[in-house]
Amino acid sequence: MRRDLLLAAVILGLALLIGWRAPVFLTLGTLDDIATDTALLTMMALAQMLVILTRGIDLSVAAMLAFCGMAAALTGQAFPDAPVGLLLALGLGVGGILGAINGAFVAFLKVPPIVVTLASMSLYRGATFLLSGGRWVSSHDMPAAFRGFPTDRLLGMTHLVWFALLAILLAYAGLRYSRFGRSLYAYGGNPSAALYVGIAPGRVLFSVYAISGAVAGLCGALWVGRYGIAFTDAAQGFELQIIAACVIGGVSIAGGIGTVTGCLLGAIFLGMIGNALPIMAISPFWQMLISGAVILAAVMINRQKGRATKIILRPKTATEGAR
């Protein structure tokens, strides 16, 4: 909580500083743009946090986003009368299958997560190219209802923001009140001890990668609908922003530590920087350098302190128990 408050204070101070240089930044219109622009990053950072809590990482999320977005766009092109809900469900389902493939390799074949998702990142990008034949699907080829859905408004907020709020609520309730959520922290904190309290590591690991894929797939359909275009290189490099949002928010790469609030603040921080630099008319040549420097500073400020680890059970004995 103290770390989250510190990050919130940094975000507030930075917003006031940017607003002092460019007053338009603090208007309701700009804040609405930041909320909409940050929605997809927030959803995928929350899903990535579940993976990182188990000491894993999913580098293939942006590739899954591109593949599922392309699948939804091509389906919309082939069936112009297809309901928006069906296209979103298609992205969710296909993403879940792709994530489950990652999860099967990590959970049951014991392949390191970084190896599995690095390979699947290339695999899913290549599959996107084969699926589309290398061509783009533009907004003119998509159903009008699907194209406008993510930015249509409900009670004053865009659908993207409502999806992000739903993801935040589900992540918070799931991690705080469900047995599955507590299993993630227990396994990430001490995998050996988790075995002794009856947590099945295979099921936990498989589930988090499947969830990560499903969220990436849903975000892929929303991404295509929002920007009105689907192409093979969509969201290239987005996985780094997602992981950066988690790290800035205090999610430990070592596993077992992280909060929904921190992850949300990390996404807001990145969204604010991304919107502020163009408003301040900073050259694109300087934007990447400044963004990297500010992110590094935020990580240093928000870095987690080392914690004492209480050894509950000997790893060797726990491994024997797993057999």
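Helix packing in the predicted model

Helix H2 (residues 28–53) packs against helix H12 (residues 260–279) at an angle of about 140 degrees, and their axes lie 8 Å apart. Axes are lines fitted to C-alpha atoms, for helices over the stretch in contact, and angles run from 0 to 180 degrees between N-to-C directions. Helices (H or I, at least four residues) and strands (E, at least two) are DSSP runs numbered from the N terminus. The structure is a predicted model, in which local features need pLDDT of at least 70 and side-chain atom pairs count only at pLDDT 80 or more, while totals for chains, interfaces and linings use all residues. Residues are numbered from 1 along each chain as its sequence is written, and side-chain values use heavy atoms, with hydrogens and water left out.

H2 and H12 are therefore oblique to each other; angles under 35 degrees count as roughly parallel, over 145 as roughly antiparallel, 65 to 115 as roughly perpendicular and the rest as oblique. The crossing of H2 and H12 is right-handed (the near helix is turned clockwise from the far one by less than a right angle; anticlockwise is left-handed). Residues in contact, with heavy atoms within 4.5 Å, include Thr 30, Asp 33 and Ile 34 of H2 and Val 260, Cys 263 and Leu 264 of H12. The contact of H2 with H12 comprises 13 nonpolar, five polar and two charged residues. Here Ala, Val, Leu, Ile, Met, Phe, Trp, Tyr, Cys and Pro count as nonpolar, Asp, Glu, Lys and Arg as charged, and the others, Gly among them, as polar.

H2 also packs with helix H10 (residues 201–227), at an angle of about 170 degrees and with the axes 8 Å apart. That angle makes H2 roughly antiparallel to H10. The crossing of these two helices is left-handed. Among the residues in contact are Thr 36, Asp 37 and Leu 40 of H2 and Val 208, Tyr 209 and Arg 226 of H10. By class, 15 residues of the contact of H2 with H10 are nonpolar, two are polar and two are charged.

Helix H4 (residues 84–107) and helix H5 (residues 113–132) pack at about 150 degrees, with axes 9 Å apart, in a right-handed crossing. Leu 98, Ile 101, Asn 102, Phe 105 and Val 106 of H4 meet Pro 113, Val 116, Thr 117, Ser 120 and Tyr 124 of H5.

Two salt bridges are present, each a side-chain nitrogen of Lys or Arg within 4 Å of a carboxyl oxygen of Asp or Glu. One of them joins the side chains of Asp 32 and Arg 153 (2.6 Å, N to O). This pair links distant parts of the chain, with Asp 32 in H2 and Arg 153 in strand E2 (residues 153–154), 121 residues apart.
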